[in-house]
Amino acid sequence: MAVAAAGGGGGGRAQRSGWLEVLVRERWHKVLANLGGEALVLSGEERPDGAAHNGLGGDGAACRGAEGGGGAAAVRTAFTDPPEQVPEAVSNKKRCVKVLKQELGGLGISIKGGKENKMPILISKIFKGLAADQTQALYVGDAILAVNGTDLRDATHDEAVQALKRAGKEVLLEVKYMREATPYVKKGSPVSEIGWETPPPESPRLGCASADPLSQLSLSIHRDKKTIPLKMCYVTRNMTVSDPENRLIEVHSPDAKHTVVLRSKDSATAQAWFNAIHSSVNELIPRVIAEVRDQLGKTGIAGSREIRHLGWLAEKVPGDNEKHWKPVLVVLTEKDLLIYESMPRMKEAWFSPLQTYPLLATRLVHSGPGKGSPQSGVDLSFATRTGTRQGIETHLFRTETSRDLSLWTRSIVQGCHNSAELITEITTSCTYKSQECRLTIHYEHGFSLTTESQDGAFSKPIAQYPYEKLKMSSDDGIRMLYLDFGGKDGEIQLDLHSCPKPIVFIIHSFLSAKITRLGLVA
């Protein structure tokens, strides 16, 4: 399978063109892939050989259309020439038809079938104005029994293509119209069977590409095409299909319902294609964020005001299977980390993430190579831990590139610090020395403990400590928080009435933000 890179186009976005294979119904099919800034177009032509000689590609399709012709109107198919329009006198009778090949366009037919498909060689398309159409004696659905006396009744598809290529300028076709084959020739190419989403009108135009930038790439008029808008697609590798040769690329739809798996000739070419597609997707993210902001208006997102960053990550599924990852859409706001199963389409869906974690109670605990791990993707992973009322929740994520890893980890750390400065203060009820109290932790002023106000009475201060007095903090993981400020009181024991982990993580975030602000860490 030959794959070629095309020269870059305008706009600074990757443009690439070449031959790949696509997985459809558990079989690989050759396609021409064209990458523009906003879309990946897969064309159902199977191979390029012989195009200049007789207009036959891998499925026997003419590679040049009629001069001045274009679009569906330039092609006769089983839809434009239904069986009922074929004369009864022609049906099931052998006929000999002489065709004079043209210098441009060759025979001007497309064929399907072959021994490997347990079908005869069938004419599936006739291109208007070209040689076969000019005879006015050939029909879509004709079985080609012989070419210049060479029997094709037991030929494979490739053998038939080669026979037609070698036939010379004057070609004598022995044909027989097969009405019962009409459903087969009506069937589209494998590309037409690729499922993809159609976003509803409420969406922020995620499925709409701008004017097709690939028109100049000479997609022939007869090809079945599938256009995949790249906006908010998830481009990954080694996710859903085993890839021992490292030749596969996966493109997941924003609604997480469809996946297109592409295969390249070798690992290096696959990586080049992946880099180009991934780069195109990433360049569209700022526009997506702007569109979502317009869609949500002043209502914000799930309790937050704005989106700082979003994108797809692979999340490790808990369990013993080390290779089980799933795609998740992660959104960072000014104060939360939100996880969605797919890109929300409706406005209301933004308010119901699968999981919500306050950045103030979240910390980055791992980033980069995993010790002793043989998995190639682990060196692009990072982990987060969040203190919750149920304990500590840990998530292991995997990015696709080292640049992505740097961007996500930096965004999360900065998000935690910015959240600390934004929220400034948290307070929680507790019990101290059998007295109901309130613990307040302030970003600037440290810790204060006051009595719980009762019957309209003002609360009374019990103790106040700046951050620099804190010697150590610990907890029992159940309900007790221990703060050691030194001095005569020693360790303060606070019963928080619930899991202390959120408070422990918030203390860490406040301290980390203050240290960073002071420039004590790089």
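Begin by selecting Asp133 and Arg76, which form a salt bridge (a side-chain nitrogen of Lys or Arg within 4 Å of a carboxyl oxygen of Asp or Glu) whose closest N and O atoms are 2.8 Å apart. Asp133 sits in helix α2 (residues 131-135) and Arg76 in strand β4 (residues 75-76), 57 residues apart, where helices (H or I, at least four residues) and strands (E, at least two) are DSSP runs numbered from the N terminus. Asp133 is buried at 18% relative accessibility, and Arg76 is buried at 10%; buried means under 20% relative accessible area, exposed over 50% and partly exposed in between, with a 1.4 Å probe and protein chains only.

This is a predicted model, in which local features need pLDDT of at least 70 and side-chain atom pairs count only at pLDDT 80 or more, while totals for chains, interfaces and linings use all residues. Residues are numbered from 1 along each chain as its sequence is written, and side-chain values use heavy atoms, with hydrogens and water left out.

Next, select Arg479 and Asp495, whose side chains meet in a salt bridge at 2.8 Å, N to O. Arg479 lies in the loop between β26 (472-475) and β27 (480-484) and Asp495 in strand β28, so the pair ties together parts that are 16 residues apart in sequence. Arg479 is partly exposed at 36% relative accessibility, whereas Asp495 is buried at 17%.

Then move to Arg153 and Asp151, which pair in a salt bridge at 3.0 Å, N to O; Arg153 is exposed at 54% relative accessibility, and Asp151 is partly exposed at 45%.

Finally, select Arg293, Glu306 and Arg308, which are linked in a network of salt bridges; the structure holds 17 salt bridges.
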